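User: I'd like to learn how to read a protein model feature by feature. Could you walk me through one?

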Amino acid sequence: MLTLRATPADPAPAGHGEGPTWDAARSELLWVDISAGLVRRATLDGDTLADAGSLRAGDTVGAVVPAAAGGWLAAAGGSFTHLADDGTARVLLELTGVGGSEADGGTRMNDAKCDRAGRFYAGTMAFDERPGAGVLYRLDTDGTVTTVREDLTVSNGLGWSPDDRTVYLADSGPGLVHAFDHDPGSGEWSNARVLLETGGADGVADGLTVDDEGCLWTAMWGGGQVRRWSPEGELLAVVEVPVANTSSCAFAGPDRGLLVISTAHGEGDEEQAGRLFTVRPGVTGPPASPYRGPLAALRQ
């Protein structure tokens, strides 16, 4: 089994870093600081990341993707929010039953990603992480919102196989990674099965990506590592990270060969918690697919 070690990147740490995303059109890295409600941006020169500013998306923000119509689409608070190039944030759609605060038992948006057709999948979780409170939604390119999965705990990492026929979803509450058959035309999921069961000292599967060879890379929250798995669930490689709460990962750069790993603060509060880390594992992965819907049609 291959073992690699990630190195810290230059951008300032986040409180709860999540969701690194390579925006190929702008040649920059996006990621979020969930608890601060910020979308972070960085430029990439070789393997060196440099801060390029931040945008406020809301009280909390779970994920961000580029928008083909301009700017970015964020899963923020309990809504889908558009961020314009000048940083203006505008709520497009508020989801019924999502929102509130930890004090009132509320829920918030968590991880999200677009499929290759440009449909935006976004999951939720309760602030107190109570079982069954999480839901996965799909925002289609015509503005229709569909419930894809219910009874989740922490709806988390998403990824599609290179042939677009399989989709993966992590639920970090029970530590499961599910696989589904995926219909690229309709976006429908079927034939649910459990691919991975994680937990214990190795951590639970959090954010994930799928490389161009069809293997999954899962950030292991609480385990201080990212793991590479075959499509059949065989462990192939481990990337060691000096922060327990590794939260997500994505391939970045013009060659899509730099794996960027996000981290978050935790009980140990390690010195480098919240930083981005990078490693070159010798494989490549896809850039972020943008949301392809007309944003004007969604504005309330």
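This is a predicted model: local features need pLDDT of at least 70, side-chain atom pairs count only at pLDDT 80 or more; totals for chains, interfaces and linings use all residues.

User: What is the phi of Asn-191 near?

Analyst: First the general idea: most residues other than glycine have a negative phi. Asn-191 has a phi near 55°, which is a positive value in a residue other than glycine. Asp-151 is another case, with a positive phi near 60°. You'll find Asp-151 in strand E14.

User: Is Asp-151 exposed or buried?

Analyst: The cut-off for exposed is over 50% relative accessible area. Asp-151 has 64% relative accessibility, so it counts as exposed.

User: While we're at E14, which strand is joined to it, and by how many bridges?

Analyst: Look for the direction of the two strands and the bridges between them. Strand E13 (residues 134-139) and strand E14 (residues 145-152) run antiparallel and are joined by 5 bridges. To get your bearings, find Leu-136, which stands opposite Arg-149 in E14. The two strands form a hairpin with 5 residues between them, and Gly-143 in the turn has a positive phi of about 90°.

User: Next, aromatic rings. How many aromatic pairs does the structure hold?

Analyst: There are 5 aromatic pairs. To sort them, compare ring planes: under 30 degrees apart is stacked, over 60 is edge-to-face. Take Phe-80 and Phe-120: their ring centres are 5.7 Å apart and their planes sit at 65°, so this pair is edge-to-face. Phe-80 belongs to strand E9 (residues 79-83) and Phe-120 to strand E12 (residues 120-126), so the pair ties together parts that are 40 residues apart in sequence. Both Phe-80 and Phe-120 are buried.

User: And how are the rings of Tyr-121 and Trp-189 arranged?

Analyst: Their centres are 5.4 Å apart and their planes are at 25°, so that pair is stacked. Tyr-121 lies in strand E12 and Trp-189 in strand E18 (residues 189-197), so parts 68 residues apart in sequence are tied together here. Tyr-121 and Trp-189 are both buried.

User: How many residues does the largest nonpolar core have, and which have the most contacts inside it?

Analyst: Think of a core as buried nonpolar residues joined through their side chains. The largest one here has 20 residues, and those with the most contacts inside it are Leu-73, Phe-80, Met-109, Phe-120, Ala-122, Leu-139 and Tyr-291. Strands E7 (61-66), E8 (72-76), E10 (89-94), E11 (107-114), E12 and E13 each supply at least two residues of this core. Another core, of 16 residues, lies apart from it and includes Val-226, Val-241, Phe-251 and Leu-259.

User: What about cysteines: how many disulfides does the count come to?

Analyst: The test is whether two cysteine sulfur atoms lie within 2.5 Å. The count comes to 0 disulfides. For Cys-215, the closest cysteine sulfur is in Cys-249, 13 Å away, which is too far for a bond. Cys-215 is buried, at 7% relative accessible area, and Cys-249 is buried too, at 2%.

User: Last one: which residues does the UniProt domain annotation cover?

Analyst: Treat an annotation as a record to set beside the model. The unreviewed UniProt entry gives "domain: SMP-30/Gluconolactonase/LRE-like region" for residues 17-265. Over residues 17-265, the chain is 0% helix and 59% strand, with the end C-alpha atoms 8 Å apart.

Note on methods. Residues are numbered from 1 along each chain as its sequence is written. Side-chain values use heavy atoms; hydrogens and water are left out. Rings of Phe, Tyr and Trp (its six-membered ring) pair if their centres lie within 6.5 Å; planes under 30 degrees apart count as stacked, over 60 as edge-to-face and the rest as tilted. Helices (H or I, at least four residues) and strands (E, at least two) are DSSP runs, numbered from the N terminus. Buried means under 20% relative accessible area, exposed over 50%, partly exposed in between (1.4 Å probe, protein chains only). UniProt positions are given in the numbering used here, feature names are shortened, and annotations may be inferred rather than shown by experiment. Two strands pair if DSSP finds at least two bridges between them. A nonpolar core is a set of buried Ala, Val, Leu, Ile, Met, Phe, Trp, Tyr and Cys residues joined through side-chain atoms within 4.5 Å.
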